[in-house]
Amino acid sequence: MNVVAPFLILLLVGAIAAYHRLRLPVWVALSAAAIVLCSLLGANATANIIAALIVALIAVPLLVPQIRIPYVTKPLLGFYTKILPPLSETERTALEAGTVGFEGELFSGKPDWNELLSQPKPELSAEEQAFLDGPCEELCRMTNDWEITHVLADLPPELWDFIKRNKFFGLNIPKEFGGLGFTALANHKVIQKLATVSTVVSSTVGVPNSLGPGELLMHYGTDDQKKYYLPRLADGREVPCFGLTGPWAGSDATSIPDFGIVTMGDWNGARVVGVKLTFDKRYITLAPVATLIGLAFRMYDPEGLIGDKKDIGITLALLPHDTQGVEVGRRHFPLNSPFQNGPIHGKEVFIPLSQLIGGEAYAGKGWQMLVECLSIGRCITLPSTGSGGAKFAAVVTGAYARIRKQFGLSVGRFEGVEEALARIGGNAYAISALSQATAAAVARGENPAVPSTIAKYHCTEMARAVCQDAMDIHGGKGIILGPKNYLGRSWQASPIMITVEGANIMTRSLMIFGQGAILCHPWVLKEMRAATLPDREQGLREFDDALFNHIGFAVSNAVRSLWYGLTFAKFGKAPGDDYTRRFYRKLNRYSAALALAADVSMLLLGGKLKFKELLSGRLGDVLSQLYITSSMLKRYEDQGRPVADQPLLAWAFHDAVHKIELALSGALRNFPIRPVGWLLWTLIFPLGRRAQAPSDRLGHRVASLLMSPNEARDRLGEGTFLTPCANNPAGRINSYLQAVILAEPVERKFLKALKQHDIEALDFSSQLDEGVREGWITADERKQLETLREMTIDAISVDDFDSAELRAAPYTREQADARAAA
């Protein structure tokens with residue numbers, strides 16, 4: 001034992017130093033003190049000497065720069081430059097465009113939770129809340145989604161007028177330019193509410209306030225462009241669209257073949273230098289009604305009219321829709337969701353350089369401009385749409401499941417339906433927290449590149465899952481379209497959210513971890529920049545500093561992963577209350593595991609990692625679920641730690657950590673270098689996987705919350721349109737819930753009496769008459785049951801039509817044949 005003791009104590013000191021991320025000199029001092037203590041306690045002298053030599057062999061080369069830099073750092077820099085994946089200018093621009101918020105802490109292996117919890121609670125101003133309660137509420141009341149989607153295939157004129165008059169297209173345009181000057185949080189709340197009544201309305205309002213001419217002009221426009229266009233965009237005199245996607249460039253937007261040649265041309269009677277554009281775009285929202293077209297194209301200057309550079313690069317421009325040569329095509333029809341969308345074309349369309357967004361100074365900077373603004377759009381419109389739909393579905397499906405009865409029971413009481421209700425409630429809670437967190441980040445002035453991809457992917461995927469469960473529970477009520485159906489169109493349109501602004505498959509497998517591993521990692525981007533500095537001496541010094549901090553970081557995460565795996569993260573400092581402290585500790589564990597797996601993957605796979613899409617997707621899932629759970633905990637804290645919300649939080653949290661362990665398991669079991677995968681498994685899951693999906697008992701509690709009036713249910717439904725009115729059957733169903741529950745004891749008593757007595761009456765009204773005569777129910781209870789029947793009929797009834805009503809427009813056989821031939 002005397003021989004082994006120095007080495008065991010040295011190992012223990014090293015583990016403690018690594019866990020707490022102590023500096024190398026501190027570790028050396030502690031190790032020296034430990035060796036001296038072993039010597040004083042009678043440990044073997046030879047063992048002490050060997051232990052001291054080990055410490056010296058590690059410490060001297062690393063602590064003495066004159067030895068470390070030329071003999072350690074320099075060779076490692078040479079190796080690093082060989083494995084460093086080549087970054088295109090496009091990739092470099094994307095990486096440098098975004099900011100890093102709390103997601104950087106999740107990549108650290110040791111999150112500073114105070115950074116998250118100290119962020120201000122997201123709140124609307126009085127003016128923003130008044131808009132939400134006033135014009136936004138009124139717009140919801142005016143909206144008849146069946147008329148929009150089936151009868152008109154468009155918004156009716158009065159809605160277009162109301163939207164423009166109340167400046168819905170200018171939510172985020174500053175007041176000095178005639179807009180409302182609202183924050184991104186208010187934008188999120190408006191889109192979220194509109195999405196609960198009509199996704200056509202929400203997308204119509206969302207797109208002008210997302211990536212498009214308005215956003216680009218606010219950030220990059222010249223003073224003259226801002227003064228002219230922003231007021232016109234704010235009040236609807238101009239309706240914008242933005243042309244990026246084309247037949248040959250979808251997710252790969254940097255490969256757009258649309259081009260513009262710098263040349264001389266005529267504009268408003270003058271001979272000026274401009275650009276002659278040829279383009280072919282499709283899937284452009286608002287294009288059929290747009291008066292102002294934003295366009296992305298590649299700009300060339302073969303004659304050198306504005307400089308020596310021939311290929312200037314991606315550039316953005318503004319085209320009035322009536323510019324000579326611009327052709328707005330016929331409308332697309334995306335999955336029965338008739339928001340205005342269609343192609344635009346142009347051949348040799350001339351515009352002056354003054355129509356370039358930002359003027360000539362921003363020629364060739366279009367990709368940078370798009371990337372910097374794209375994350376803002378991804379953070380708001382699609383996540384807010386998903387959030388609104390999920391919150392709405394949770395509240396209304398819960399009410400429907402309580403009202404709808406089969407076999408004498410509310411359908412929500414059946415365990416299979418409870419399981420689906422629990423998924424709806426938990427996913428709605430997660431989506432709501434995630435979409436608000438990313439919107440709040442933009443409102444704080446951040447440009448959250450990585451969270452925007454997380455929000456876009458997971459909000460839309462979870463919203464689709466919620467809609468599917470809601471459709472299953474509603475059954476026939478969900479599939480029969482008509483004015484009484486409030487789910488069918490959302491279900492039809494759910495793949496649209498998955499596809500637009502970056503297909504979800506690509507977002508998950510390439511973008512989330514691809515960007516996150518570099519942008520959020522505390523040292524990788526610094527190493528990459530140091531390795532590419534033109535000044536080799538400065539690059540070597542900066543690489544030296546980043547590299548050895550990175551090594552310490554990696555060792556620390558290996559130790560922390562092993563410790564948390566052995567103890568199941570039951571120990572360690574964590575914020576929160578008695579209920580949530582264990583959640584924070586679990587996230588500490590998975591943060592360390594992610595950082596370790598990411599470091600090993602980048603070190604061993606190098607540039608090949610970008611082609612390992614399955615590995616990248618799984619590690620991206622871990623980062624995503626860490627961010628989602630962090631958002632949920634922040635929401636819980638912001639709302640005052642409400643006890644009533646704990647089942648929703650717990651279900652969503654356990655679902656997330658179960659997904660984290662599944663993703664880590666998949667990544668490690670399929671790691672390209674098998675022995676490394678085994679080693680990582682030992683460090684991350686030393687005692688195996690332990691996280692389980694939410695229990696049936698917890699699911700029962702969540703389902704019960706959705707089917708009864710309570711404060712947690714009210715909080716979950718906040719910001720949705722639930723006003724009971726003629727155009728909102730879902731709002732009416734939700735309003736019935738309290739009365740239905742109060743009538744249930746009377747209903748049970750009456751049904752029991754019917755079974756126990758022989759009665760002649762067969763119709764419901766006559767049965768009620770007999771019940772009053774026989775004394776089974778009172779006259780007041782009869783009225784209560786009649787009201788219950790009326791509410792139930794309204795809740796479960798569906799529409800029917802004459803055949804002629806289902807024809808959206810006259811369409812002859814000849815027209816159909818001609819269309820098919822074309």
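E661 is buried, with a relative accessible area of 1%, where buried stands for under 20% relative accessible area, exposed for over 50% and partly exposed for what lies in between, with a 1.4 Å probe and protein chains only. The model described here is predicted, so that local features need pLDDT of at least 70 and side-chain atom pairs count only at pLDDT 80 or more, whereas totals for chains, interfaces and linings use all residues. Residues are numbered from 1 along each chain as its sequence is written, and side-chain values use heavy atoms, with hydrogens and water left out.

The side chain of E661 meets that of R589 in a salt bridge, with 3.9 Å from N to O, a salt bridge being a side-chain nitrogen of Lys or Arg within 4 Å of a carboxyl oxygen of Asp or Glu. Because E661 lies in helix 25 (residues 646-669) and R589 in helix 23, the pair ties together parts that are 72 residues apart in sequence; helices (H or I, at least four residues) and strands (E, at least two) are DSSP runs, numbered from the N terminus. R589 is also buried, with a relative accessible area of 6%.

By the rule given above, the count comes to 28 salt bridges. One of them joins the side chains of R508 and D621 at 2.7 Å, N to O, and this pair links distant parts of the chain, with R508 in helix 20 (residues 504-519) and D621 in helix 24, 113 residues apart. R508 is partly exposed, at a relative accessible area of 24%, whereas D621 is buried, at 15%. A further salt bridge is formed by the side chains of E781 and K749, at 3.0 Å from N to O; here E781 belongs to helix 31 (residues 779-796) and K749 to helix 29 (residues 729-756), distant parts of the chain that stand 32 residues apart. E781 is buried, with a relative accessible area of 16%, while K749 is partly exposed, with a value of 36%.

Empty space within the model was examined next. Rolling a probe the size of a water molecule over the atoms shows where empty space is left. On a 1 Å grid over the protein atoms alone, a cavity is a set of points where a 1.4 Å probe fits but cannot get out, and a pocket is an open set with protein on both sides within 12 Å along at least five of seven lines, while lining residues have an atom within 4 Å of a point. Grid points are joined across faces, edges and corners, and a volume is the space filled by probe spheres set on the points. The structure holds 1 cavity of 30 Å³ or more, and about 230 Å³ of space lies in the largest cavity. Its lining comprises 22 residues, of which L116, Q119, A437, S631 and K634 lie nearest the centre of the cavity; helix 16 (415-443) and helix 24 (613-638) are the elements that give two or more residues to this lining. By class, the lining of the largest cavity has 10 nonpolar, 6 polar and 6 charged residues, with Ala, Val, Leu, Ile, Met, Phe, Trp, Tyr, Cys and Pro counted as nonpolar, Asp, Glu, Lys and Arg as charged, and the others, Gly among them, as polar.

The second largest pocket has a volume of about 1300 Å³ and is lined by 41 residues, of which L22, F548, I551, G552 and F553 lie nearest its centre. Among the elements that each supply at least two residues of this lining are helix 1 (5-20), helix 2 (24-40) and helix 22 (536-567), and helix 22 gives the most, with 14 residues. The lining of the second largest pocket divides into 27 nonpolar, 7 polar and 7 charged residues. L547 also lies in helix 22 and is buried, with a relative accessible area of 12%; the C-alpha atoms of L547 and E527, 20 residues apart along the chain, are separated by 6.7 Å.

Positive phi values occur at two residues considered here. Phi of N268, a residue other than glycine, is near 55 degrees, and N268 is placed in the loop between strand 2 (259-267) and strand 3 (270-285), where N268 counts as exposed at 74% relative accessibility. Y283, in strand 3, has a phi near 60 degrees and is partly exposed, with a relative accessible area of 47%.
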